Amino acid sequence: MTVTLRRKRDPEGRRLAIIEAAAELIVEIGGDAITHRKVAARAGVPLGATTQYFDTLDDLRDAAVRHLSVEVDARIEMIRRTVERDGASARVLAEILHRGLIDAHTVRLDRAVATAAIHDPQLHGLARRWSAQLVSFLAPVHGEERATAVAIFIDGVMWHALLNDAPLPQELIESALTGLLGTPAVTPAEASVSHDASVRTDREKPRV
């Protein structure tokens with residue numbers, strides 16, 4: 001009873017609870033399988049509350065997928081920090097990828113957003129931005145072409161994990177990444193020095 005009264009006095013809190021419930025269900029059963037009734041039951045709210053805040057199921061689904069996209073953003077940022085700290089070797093990337101693959105929630109979340117992005121132009125832009133960010137982490141060391149190949153490989157590995165009962169072994173992932181990356185064009189330290197030198201040169205150019 002206390003929870004119900006609190007939610008009645010907190011419309012934004014109830015709306016967020018509905019979005020979070022829908023997001024959980026999208027990850028668990030897919031966006032096409034959610035219903036107002038299932039979302040209301042998961043959120044612990046009356047059935048009519050879902051239509052009070054969202055005119056259609058599509059509106060609710062869109063809000064939930066965008067909520068999920070925030071979590072994907074956070075994961076991309078974690079990868080960036082790890083690559084900056086540990087380097088962009090095949091071993092480091094394989095460790096990052098395998099950690100994600102053994103977390104069923106991460107795999108379903110990633111693919112739920114990717115699937116929704118096929119039909120949603122705004123999410124399509126987000127998904128492409130995430131891929132571009134990954135390439136940007138790797139290109140200074142491995143070059144644009146190899147970095148792009150790795151991004152495509154990772155996308156395929158995520159789909160493989162979703163469709164199979166067990167993720168690919170970390171050793172296999174590292175071997176494949178080694179083949180894609182080959183010998184780094186430059187070391188991480190050289191990439192950093194090159195970037196810093198480029199910035200300094202640009203600052204020292206005479207202005208006309």
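Predicted model: local features only at pLDDT ≥ 70, side-chain atom pairs only at ≥ 80, totals over all residues.
Local features need pLDDT of at least 70 and side-chain atom pairs count only at pLDDT 80 or more, while totals for chains, interfaces and linings use all residues. Residues are numbered from 1 along each chain as its sequence is written, and side-chain values use heavy atoms, with hydrogens and water left out.

**Stop 1: the largest pocket**

Select D110, R111, L134, I154 and D155. Of the 32 lining residues, these are the closest to the centre of the largest pocket. A pocket here is an open set of points on a 1 Å grid over the protein atoms alone, where a 1.4 Å probe fits, with protein on both sides within 12 Å along at least five of seven lines; lining residues have an atom within 4 Å of a point. The volume is about 710 Å³, taken as the space filled by probe spheres set on the points, which are joined across faces, edges and corners.

Now colour the helices (DSSP runs of H or I, at least four residues, numbered from the N terminus). α5 (57-86), α6 (90-101), α7 (104-119), α8 (121-142) and α9 (144-163) each supply at least two lining residues. α8 gives the most, with 8. The lining has 21 nonpolar, 5 polar and 6 charged residues. Ala, Val, Leu, Ile, Met, Phe, Trp, Tyr, Cys and Pro count as nonpolar, Asp, Glu, Lys and Arg as charged, and the others, Gly among them, as polar.

**Stop 2: the second largest pocket**

Select G31, D32, A112, T115 and A116. They lie nearest the centre of this pocket, among 18 lining residues. α2 (11-29), α5 and α7 give two or more residues each. The space is about 390 Å³. α7 gives the most, with 6 residues. By class, the lining has 7 nonpolar, 4 polar and 7 charged residues.

**Stop 3: α6 on α9**

Show α6 and α9. Their axes (lines fitted to C-alpha atoms over the stretch in contact; angles run from 0 to 180 degrees between N-to-C directions) come within 11 Å and cross at roughly 25 degrees. That makes α6 roughly parallel to α9 (angles under 35 degrees; over 145 is roughly antiparallel). Select L93, L97 and L101 in α6. They meet V150, F153, I154, V157, M158 and A161 in α9, with contact meaning heavy atoms within 4.5 Å. The contact has 9 nonpolar residues, no polar and no charged.

**Stop 4: α5 on α6**

Move to α5 and α6. They pack at about 150 degrees, axes 10 Å apart. The two are therefore roughly antiparallel. I79, T82, V83 and D86 in α5 meet V92, L93 and I96 in α6. This contact has 5 nonpolar, 1 polar and 1 charged residues.

Key. Parallel < 35°, antiparallel > 145°, perpendicular 65-115°, else oblique.
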